[in-house]
Amino acid sequence: MTNINKNSIPEIERGIPLPSNIKSGWALTVSKMSEGDSVVVKNFSELNKMRSALSRAGWGSSTMELEDQTFRVWKVKKRFHKAQQKKQ
């Protein structure tokens, strides 16, 4: 069993509003893009971050690997599978 030092436990605060205007760099980029715009990202990790940011914002993405092993990512309308369309 571990001993917990009561002085090391942070104080819990309730009722503190979460700022709504804070966005990650990827979310900020997505918010500035229009449908059909694209960006080039450096690697597969950045590609996944950009695609996740687009998805969280309700958009889809189309991607292409470039000759220098970077990726181009387009902001497109989200596509739904047939099973998802029936639920709507």
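1. At what angle do helix α1 and helix α2 pack, and how far apart are their axes? In this predicted model, local features need pLDDT of at least 70 and side-chain atom pairs count only at pLDDT 80 or more, while totals for chains, interfaces and linings use all residues. Residues are numbered from 1 along each chain as its sequence is written, and side-chain values use heavy atoms, with hydrogens and water left out.

2. Helix α1 (residues 25-32) packs against helix α2 (residues 44-56) at about 55 degrees, and the axes are 9 Å apart. The two helices are therefore oblique to each other (angles under 35 degrees count as roughly parallel, over 145 as roughly antiparallel, 65 to 115 as roughly perpendicular, the rest as oblique). Axes are lines fitted to C-alpha atoms over the stretch in contact, and angles run from 0 to 180 degrees between N-to-C directions.

3. On the α1 side, W26, A27, T29 and V30 make the contact; on the α2 side, E46, K49, M50, A53 and L54 do (contact: heavy atoms within 4.5 Å).

4. T70 lies in the loop between β2 (60-65) and β3 (71-76). T70 counts as buried because its relative accessibility is 13% (buried is under 20% relative accessible area, exposed over 50%, partly exposed in between, with a 1.4 Å probe and protein chains only). Not counting residues up to four places away in sequence, T70 touches V40, V41, K42, M64 and E65.

5. M64 is in strand β2 and is partly exposed, at a relative accessible area of 40%. Its C-alpha atom and that of W74, ten residues apart along the chain, are separated by 8.9 Å.

Conventions:
Helix = DSSP H or I, 4+ residues; strand = E, 2+ residues; numbered from the N terminus.
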